[in-house]
Amino acid sequence: MERPVGVPQRNRDGINMSRVVVLGLGYIGLPTAATLALHGWEVHGVDVRAELVESLKQGNVPVRERDLSAIVRDALGGGDLQVSTKPENGDYFVLCVPTPLKDRQADLSYLRKASATVAGVLRRGNTVIVESTVPPGTTTQIVRPILEKSGLAAGKDFHLAYCPERVMPGSILREIVENDRIIGGFDPESAEEAASIYRSFVRGKLFLTDATTAEFVKLVENAYRDVNVAFANEIAKLAEVHGVDVWEVISLANHHPRVRVLQPGPGVGGHCIAVDPWFLLTQDVKGSLIPAARAVNDGQPKQVVQRTLEIVHGISRPKVAAFGVAYKGEADDIRESPAIEIIERLEGHGITVAAYDPLVPNDRYPTQSLEETIGDADCILILASHREFHYMDASPLSKRVRHRLLFDTKNCVDHRKWTRAGFTVHVLGRAAPIAPPG
Ligand code: SAJ
């Protein structure tokens with residue numbers, strides 16, 4: 001096969017640096033495009049959302065991720081990164097479009113559209129890499145035929161590979177460089193060709209395999225985490241029944257050299273762990289453990305609501321102050337957030353709920369100031385382990401609330417500090433509340 005078109009340049013490691021087109025400028029695509037630009041590639045970022053492209057051109061970066069704004073602005077300012085709603089020719093195409101869940105199945109409509117767009121500009125010698133999370137077989141059975149409508153054949157005229165993203169929101173720019181990567185080729189040459197792009201910026205190891213195995217590996221990683229969080233949530237329920245503190249139990253159990261129990265919480269949110277395990281299942285193999293884990297984790301918000309109702313029982317017209325609407329601590333993302341389900345369910349029970357989140361912008365979810373949220377509240381309900389909650393001074397808050405009740409579903413604040421301020425502290429996974437001294 002011919003080498004990629006364009007003007008091949010070499011970086012200091014002798015790697016061929018050409019033009020990369022990144023399709024989808026969201027949580028993964030934008031950091032990927034910025035990282036490639038930072039490592040000397042000529043990058044063209046494409047997104048169908050015209051307002052996003054315009055906003056990026058003005059230097060406004062809508063994805064809140066440590067250091068990302070500065071890197072994107074630098075890349076745009078220096079001309080290494082260009083953005084538009086339509087792709088032009090390139091040597092490499094990296095597809096980072098969303099693949100949401102619809103009726104417990106992957107909605108591949110964005111990926112199909114992006115593949116068709118690439119087919120329109122595909123040239124002999126190009127390399128197409130899918131990074132979006134997809135059911136096994138998608139790259140070869142769905143993306144490939146769409147690309148081949150160009151008249152070019154995968155493995156013969158162009159390279160095709162699947163390389164899943166593995167970054168943790170909050171540490172994306174560090175993990176994009178440090179994490180090991182799995183690169184699954186349509187054929188071995190495609191895997192090699194795709195590896196050349198990652199070799200330019202990844203400090204972790206690169207493991208080459210076939211495309212379907214790589215797709216499967218990605219799903220296994222997230223299903224593994226989901227099942228293990230479900231285990232933690234299940235033992236939290238059992239600990240309450242048996243009158244022990246699940247957090248102490250987990251900490252002690254984790255001193256065993258082969259035990260690593262995760263943390264219970266109000267539920268599993270985000271666009272990955274709560275979604276991807278379903279992509280592993282098929283019409284024929286519906287599984288038993290994976291759906292059971294999903295049911296346990298999806299059931300957590302209801303458990304939290306039940307316990308909150310018990311805590312505020314007997315208080316007339318109770319008000320709950322929800323701390324954290326993000327899907328997890330230190331995130332500003334509310335996709336599939338269990339906190340939102342909890343707030344809505346509490347409201348469904350006639351409880352007044354005010355929400356405070358120092359990270360989630362108001363245009364994403366209507367939150368209030370800390371003062372408004374706690375004013376006349378009867379129970380502070382912690383739903384995300386934001387660092388700010390850990391350092392919060394409980395004494396001034398104790399003067400603003402109506403009842404001094406705290407329910408910590410993440411075990412993330414200093415309970416002694418809160419009891420000293422007069423609060424009775426309830427903790428998920430521990431039946432007995434912690435009373436204030438004296
Ligand atoms: N959670 C718990 N207890 C835990 C860990 C997590 O309740 O011990 C909850 C969180 O609060 C959150 C949800 O699970 O609601 C998911 O959070 P997470 O931190 O486990 O994962 P994500 O969704 O932010 O990122 C995951 C990561 N996958 C794995 O760790 C295997 C990340 O590396 C992936 O790149 C990402 O999914 C993705 O995009 O697929």
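Author: Happy to, and keep in mind that this is a predicted model. Let's start with Ser-132, which sits in the loop between strand E9 (127–130) and helix H5 (138–148).

Reader: Thanks! Is Ser-132 buried or exposed?
Author: Ser-132 is buried, because its relative accessible area is 5%, and the cut-off for buried is under 20%.

Reader: What does the side chain of Ser-132 reach?
Author: The side chain of Ser-132 reaches the backbone oxygen of Val-97, at 2.7 Å.

Reader: Nice. Let's move to the ligand. Which residues come nearest to the ligand?
Author: There are 21 residues around the ligand, and those that come nearest are Glu-165, Lys-218, Arg-225, Gln-263 and Tyr-327.

Reader: And how do the residues of that shell divide into nonpolar, polar and charged?
Author: Nine residues of the shell are nonpolar, four are polar and eight are charged.

Reader: Which helix gives the largest share of the shell?
Author: That would be helix H8 (residues 211–242), with five residues in the shell around the ligand.

Reader: What about backbone atoms, which ones lie by an oxygen atom of the ligand?
Author: Val-167 has a backbone N or O atom 2.7 Å from an oxygen atom of the ligand. For Arg-166, a backbone N or O atom lies 2.9 Å from a ligand oxygen, and Gly-269 likewise has a backbone N or O atom at 2.9 Å from an oxygen of the ligand.

Reader: How much of the ligand's accessible area does the protein cover?
Author: On its own the ligand has 770 Å² of accessible area, and the protein covers 90% of that. The space that the ligand takes is the largest pocket.

Reader: Changing topic: what can you tell me about phi at Asp-67?
Author: Asp-67 has a positive phi, near 70°, and is a residue other than glycine. For context, a negative phi is what most residues other than glycine have. Asp-67 lies in the loop between helix H2 (50–57) and helix H3 (68–78), and it counts as exposed because its relative accessibility is 53%.

Reader: What about phi at Glu-330?
Author: Phi of Glu-330 is positive too, near 65°. Glu-330 is in the loop between strand E13 (319–323) and helix H12 (338–348), and its relative accessible area of 35% makes it partly exposed.

Reader: One more loop, please! Where is Phe-186?
Author: Phe-186 is in the loop between strand E11 (181–185) and helix H7 (188–199). At 25% relative accessibility, Phe-186 counts as partly exposed.

Reader: Last one: is Val-296 buried or exposed?
Author: Val-296 is buried, as its relative accessible area is 16%. You can find Val-296 in helix H11 (residues 289–311). The C-alpha atoms of Val-296 and Ala-191 are separated by 38 Å, and these residues are 105 apart along the chain.

Reader: Great, thank you!

Terms used
Residues are numbered from 1 along each chain as its sequence is written. This is a predicted model: local features need pLDDT of at least 70, side-chain atom pairs count only at pLDDT 80 or more; totals for chains, interfaces and linings use all residues. Side-chain values use heavy atoms; hydrogens and water are left out. A residue is near a molecule or strand if one of its heavy atoms lies within 4 Å of it. A polar contact is a pair of N or O atoms within 3.5 Å; within protein, one must be able to donate a hydrogen and the other to accept it, and residues adjacent in sequence count only if both atoms are side-chain atoms. Accessible areas come from the Shrake-Rupley method with a 1.4 Å probe; for residues, only the protein chains shown count as cover. On a 1 Å grid over the protein atoms alone, a cavity is a set of points where a 1.4 Å probe fits but cannot get out, and a pocket is an open set with protein on both sides within 12 Å along at least five of seven lines; lining residues have an atom within 4 Å of a point. A molecule sits in a cavity or pocket if more than half of its atoms lie within 2 Å of its grid points. Helices (H or I, at least four residues) and strands (E, at least two) are DSSP runs, numbered from the N terminus. Ala, Val, Leu, Ile, Met, Phe, Trp, Tyr, Cys and Pro count as nonpolar, Asp, Glu, Lys and Arg as charged, and the others, Gly among them, as polar. Buried means under 20% relative accessible area, exposed over 50%, partly exposed in between (1.4 Å probe, protein chains only).
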